[in-house]
Amino acid sequence: MGKANPTYAAGLPFPVVAALADCNEWENTELKHKNGQKQKKGEKGQSHLRWVIRIFLLSVSLSAVLSLCSGAALNGAGFVTATLILVFFVLLGIVFDVIGVAVTAADAKPFHSMASHRAKGAGQAITLIKNAEKVASFCNDVVGDICGIVSGSTAAVIVTQLQDSFGLRSIIVSTAVTALISGLTIGGKAIGKKIAMKQSKKVVYFVAKMMAALHIG
């Protein structure tokens, strides 16, 4: 008997049909992949928008609270009280700047090992590092900017008190105070960044343990 003819479908040899089927399957897979990517991008976009709205509302609320507190403290305050308030907000801005830098520089691997041994604060540390971008935005941008604004208003009170005390009405006083505050803030943040980069694990773990103690995260 002669050799059997190859199978035909729609007038095409079987190998061709199989090749077309593979092509169709590949196209369907690519289409599903592209649709999946579009869906993920859409979800990321919505998540980012929610974060922007949340951080806006948080910034407004926090700024209002800190401004009211500083305003109440500065109302009728003397030179020493105003200076202490100024130092507090300068240090607060530096501390949060250190936290923001440390979170972006830290590695999560040691904390995963600590979490497996149920170390206190390890879970919070992993959460901080996983959300490093948002944490840094809150610490460096929100708290840092608010502290800068409050420091500026406090500096204005100090300048007024100095001018009244010494009978000076010169721009030199306001310039000197502003320059001193700027130098302390910038210099403090520069030192803080260096510490945050070198001791990122310790900084993150310290913050994480505080969060664990306060049952945050």
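Hi everyone. Helices here are DSSP runs of H or I with at least four residues, strands are runs of E with at least two, and both are numbered from the N terminus. With that in hand, Ser70 belongs to helix 1, residues 14-74. I'll come back to Ser70 in a while.

Some housekeeping. This is a predicted model, in which local features need pLDDT of at least 70 and side-chain atom pairs count only at pLDDT 80 or more, while totals for chains, interfaces and linings use all residues. Residues are numbered from 1 along each chain as its sequence is written, and side-chain values use heavy atoms, with hydrogens and water left out.

Let's start with the overall picture. The protein has seven helices and two strands, and along the sequence they follow the pattern β-β-α-α-α-α-α-α-α. Of the 217 residues, 29% are buried; buried means under 20% relative accessible area, exposed means over 50%, and partly exposed is in between, with a 1.4 Å probe and protein chains only. The accessible surface is about 14,600 Å², and carbon and sulfur atoms hold 66% of that surface. Those areas come from the Shrake-Rupley method with a 1.4 Å probe, and for residues only the protein chains shown count as cover. On to contacts, meaning heavy atoms within 4.5 Å. Among contacts in the protein with a separation of 6 or more, 78% link residues 24 or more positions apart.

Now for helix packing. Two packed helices are described by the angle between their axes and the distance between the axes. The axes are lines fitted to C-alpha atoms, for helices over the stretch in contact, and the angles run from 0 to 180 degrees between N-to-C directions. I'll go through the partners of helix 7, residues 200-213.

Which residues does helix 2 bring to helix 7? Let me set up the geometry before answering. Helix 2, residues 79-105, packs on helix 7 at about 115°, with the axes 8 Å apart. That makes the two roughly perpendicular; the scheme takes angles under 35 degrees as roughly parallel, over 145 as roughly antiparallel, 65 to 115 as roughly perpendicular, and the rest as oblique. The crossing of helix 2 and helix 7 is left-handed: the near helix is turned anticlockwise from the far one by less than a right angle, whereas clockwise would be right-handed. And the answer: helix 2 brings Val98, Ile99, Ala102, Val103 and Ala105, which meet Ser200, Val203, Val204 and Val207 of helix 7. By class, that contact has eight nonpolar residues, one polar and no charged. Here Ala, Val, Leu, Ile, Met, Phe, Trp, Tyr, Cys and Pro count as nonpolar, Asp, Glu, Lys and Arg as charged, and the others, Gly among them, as polar.

Next comes helix 3, residues 109-116, whose axis comes within 11 Å of that of helix 7 and crosses it at roughly 45°. Helix 3 and helix 7 are therefore oblique to each other, and their crossing is right-handed. Pro110, Phe111 and Met114 of helix 3 meet Lys201, Val204 and Tyr205 of helix 7. The classes in this contact are five nonpolar, no polar and one charged.

Helix 4 also packs on helix 7: the axes come within 8 Å and cross at roughly 120°. This pair is therefore oblique, with a right-handed crossing. From helix 4 the contact uses Ala122, Gln124, Ala125, Leu128 and Ile129, and from helix 7 it uses Val204, Tyr205, Val207, Ala208, Met211 and Ala212. That gives ten nonpolar residues, one polar and no charged.

Is Ser70 buried or exposed? It is buried, at a relative accessible area of 5%. Beyond its neighbours within four places in sequence, Ser70 touches Phe89 and Val150.

Gln161 is in helix 5 and counts as buried at 17% relative accessibility. Leaving out neighbours within four places, Gln161 contacts Ala77, Gly78, Phe79 and Ala82. Ala156 is in helix 5 too, residues 132-166, but is partly exposed at 42%. Its C-alpha atom is 7.6 Å from that of Ser174, 18 residues apart along the chain.

Finally, for those of you who like backbone torsions: Arg118 is not a glycine, yet has a positive phi of about 55°. Arg118 lies in the loop between helix 3 and helix 4 and is exposed at 79%. His215 has a positive phi near 60°, sits in the segment after helix 7, and is exposed at 74%.
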